[in-house]
Amino acid sequence: MTFLRSFLGAKQITRRRESSSSALSTPRGFMAVYVGENDQKRKRYVVPVSYLNQPLFQELLSKSEEEFGFDHPTGGLTIPCHESLFFTVTSQI
């Protein structure tokens, strides 16, 4: 059951990214994050705001703060990690 919920959660993130990437809109209750190790590989994802309360997601945010402080070059929240790590963390939430 946990695996299925994790899989569906990751799929929801991907689906929302695909549907909103052309208009770059963010639905209410969600936030945009840019994930990738460098500028060329960063992708935009839309995740639920509730992730901000999750310890695993907060670790990703700490890594982002160490690298960028509060000045994110993309204009949105940038998480400097490999996309697979991002999916691993979000699937465990």
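Phe87 is partly exposed, its relative accessible area being 22%, where partly exposed denotes the range between buried (under 20% relative accessible area) and exposed (over 50%), computed with a 1.4 Å probe on protein chains only. The model is a predicted one, in which local features need pLDDT of at least 70 and side-chain atom pairs count only at pLDDT 80 or more, whereas totals for chains, interfaces and linings use all residues. Residues are numbered from 1 along each chain as its sequence is written, and side-chain values use heavy atoms, with hydrogens and water left out.

Across the whole structure, four aromatic pairs are found, a pair being two rings of Phe, Tyr or Trp (its six-membered ring) whose centres lie within 6.5 Å, with planes under 30 degrees apart counted as stacked, over 60 as edge-to-face and the rest as tilted. Tyr45 and Phe87 form an edge-to-face pair, with 5.5 Å from centre to centre and 85° between the planes. This pair links distant parts of the chain, since Tyr45 lies in strand S2 and Phe87 in helix H3, 42 residues apart; helices (H or I, at least four residues) and strands (E, at least two) are DSSP runs numbered from the N terminus. Tyr45 counts as buried, at 1% relative accessibility, and ring pairs link Tyr45, Phe86 and Phe87 into a cluster.

Side chains of opposite charge can pair when their charged atoms come close. One salt bridge is counted, under the rule that a side-chain nitrogen of Lys or Arg lies within 4 Å of a carboxyl oxygen of Asp or Glu. Glu83 and Lys43 form a salt bridge, in which the closest N and O atoms are 3.6 Å apart. The pair joins distant parts of the chain, Glu83 in helix H3 (residues 83-92) and Lys43 in strand S2 (residues 43-48), 40 residues apart.
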